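Colleague: Hi! Could you walk me through this model when you have a minute?
Modeller: Happy to, here it is.

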Amino acid sequence: MSSNGALIRIEGLHKSFGPKKVLSGLELDIERGETMVVIGGSGTGKSVLLKHIIGLLKPDGGEVYVDGEAVSALDEKGLNRLRRRFGMLFQGAALFDSMNVEENVGFALTRHSMMSTAEIAERVAGCLEMVGMPGIQKLHPSELSGGMRKRVGLARAIALQPEIILYDEPTTGLDPIMADVINNLIVEMQERLKVTSIAITHDMVSAYKIADRIAMLYQGKIIETGTPDEIRNTSNRVVEQFIKGDSSGYQQGDSR
Amino acid sequence: MPGGIMDKLSDPQFILEHNILTVLLRRGLAYSTQLGEIVMLIRKSAVAIFRRPLDLALIVRQMEEVGYNSIPVVLITSLFTGMVFALNSYEGFHRFGAESLTGTVVGLAITRELAPVLTSLMVAGRAASAMAAEIGTMKVTEQIDALHTLATDPVKYLVVPRVLAGLVMVPILTAAADFVGIIGGYLVSVKLLGANPYVYVNATKSFIENWDIIGGLIKAAVFGFLLGIVGCYKGLTTEGGAEGVGKSTTGAVVIASMCVLIADFFLTKILLD
Ligand SMILES: Nc1ncnc2c1ncn2[C@@H]1O[C@H](COP(=O)(O)OP(=O)(O)O)[C@@H](O)[C@H]1O
Ligand SMILES: [Mg+2]
């Protein structure tokens, strides 16, 4: 029930899909204003963890508290109220195919704010500028490259001026230059908007660049948490192997 | 699992899991689970219809998609059904000199049965599959999750407009199909087979009651609602990438068509009583 300081508190989170145990007693605190990066191999449950934080999945056991409020106990209305404090950038950006960039970025504003059409257009333009994509309002998602999509997805995530931004593999699938552009954007969001961020990734370059703290997810649990420097000099064999990309004897994350 | 077919056939575990009874039982269980989930989706959409905001633009777009875009295929289907039906009935009645009944029988069959059912089946093939494909694609590319995170209920945003469009447009299409089907029957009987036009029109007009037509339209409304729900349900439950979208799309057509035919029996029974 407590939130002593931490904005988001994850306690003993358990989640299985059928016989497959994905999270088994995961514990993690995220402080207000920090950027927490959760690292781990693919298929270890990083996306599943993010989806619990924003209430897209319900835990089998344990709880996520946001500002002391238990997420899984919220009804539809409570969840929608909570979700307006969040922005989420999906791995494939998840832009709505049926809408142009402007309608995508302005989606939540059109539906949930009292703003006029002109005010919305102005906010959308501002968000697109912030992600370095001004003037593309009338393009459709199918006309955008992967990196452009992610940036538009980020613009959509920040349109409601959230307090917390969740990033699902923000640099995966991008070339190193574009990945660096996105990393810089995440850092910039942090500095300009003073948000709390949680990013999940298996890209260590990105993790070191954006993180205040890094946590490693392995076999359903967080096995180590620390600053980038602490992680770099870890004494934990599993973490060391992961960050160095050494595959010898490495166990795939899912516990059997 | 390594090993040839002979190895498998001597494994009691394999026999237990793959005999026809177990498979049928499992299928049956899967279908009843789906049925339960569909009923839940109906409940959710019924609640969501009355929640603001009313997405009028979305509803109009779906009406265009379900209704307007189905006009050609529905009219052609119904024209030819009326024509074939007249051809067969005229031939049949001719055997005992009752050709004058053709107009009545064609009219009754079209308005009560053929127009609502065939229209619904055509719309199931066109629109329910499109719904499953569109929503299914949104599901596997996390656009449904994105809707949730943008504090928008997918049932309200996606399902309600499609179900309403089915509920309203399928009866309208059916009314058009009634008209065109009867015209088709008239053309074949009068122009091709040489029936007396006055007798034919009279047989159609005086023996077909309003209730025959209205009953058919009520059925059409129920079918339209059902195929909308099934198309959306298959879309929302899509798993497994592009392949999954393909499966949902064909599944939507099959299940929607079955629902239409099964519901048809019960509705006809109720309406006749
Ligand atoms: N909705 C779901 N249904 C069934 N299994 C799922 C679902 N979501 C995730 N999984 C499984 O959970 C595991 C972790 O997935 P995920 O969190 O996406 O991994 P990643 O760490 O790469 O983001 C995977 O094995 C995946 O198959
Ligand atoms: Mg993932």
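Modeller: Among contacts in chain B (heavy atoms within 4.5 Å) between residues at least 6 apart in sequence, 83% join residues at least 24 apart. This is a predicted model, where local features need pLDDT of at least 70 and side-chain atom pairs count only at pLDDT 80 or more, while totals for chains, interfaces and linings use all residues. Residues are numbered from 1 along each chain as its sequence is written, chains are lettered from A and ligands numbered from 1 in the order in which they are written, and side-chain values use heavy atoms, with hydrogens and water left out.

Colleague: What does the secondary structure of chain B come to?
Modeller: Eleven helices and zero strands, with helices (H or I, at least four residues) and strands (E, at least two) taken as DSSP runs numbered from the N terminus.

Colleague: And how much of chain B is buried?
Modeller: Buried residues are 44% of its 273 residues; buried means under 20% relative accessible area, exposed over 50%, partly exposed in between (1.4 Å probe, protein chains only).

Colleague: What about helix 10 of chain B, how many residues does it have?
Modeller: Helix 10 (residues 210–236) has 27 residues and reaches 39 Å from first C-alpha to last. That is close to the 39 Å expected at 1.5 Å a residue, the expected span being 1.5 Å times one less than the number of residues.

Colleague: Why call helix 10 of chain B largely enclosed?
Modeller: Because 19 of its 27 residues are buried, the rest of the structure largely encloses it.

Colleague: Switching topic: which residues form the nonpolar patch on the surface?
Modeller: B:Tyr31, B:Val254, B:Met258, B:Ile262, B:Phe265 and B:Phe266, with about 630 Å² of accessible area together. Areas come from the Shrake-Rupley method with a 1.4 Å probe, and for residues only the protein chains shown count as cover. Patch residues have over 30% relative accessible area and no salt bridge; like charges are joined within 9 Å, nonpolar side chains (Val, Leu, Ile, Met, Phe, Trp, Tyr) within 5 Å. A salt bridge is a side-chain nitrogen of Lys or Arg within 4 Å of a carboxyl oxygen of Asp or Glu.

Colleague: Where does the largest share come from?
Modeller: Helix 11 (residues 241–272) of chain B, with five residues. B:Phe265 lies in that helix and is exposed at 53% relative accessible area.

Colleague: Now chain A: is strand 9 mostly covered or uncovered?
Modeller: Mostly covered, as five of the six residues in strand 9 (residues 213–218) are buried. Strand 9 of chain A pairs with strand 10 (residues 221–226) in the antiparallel sense over five bridges; pairing takes at least two DSSP bridges.
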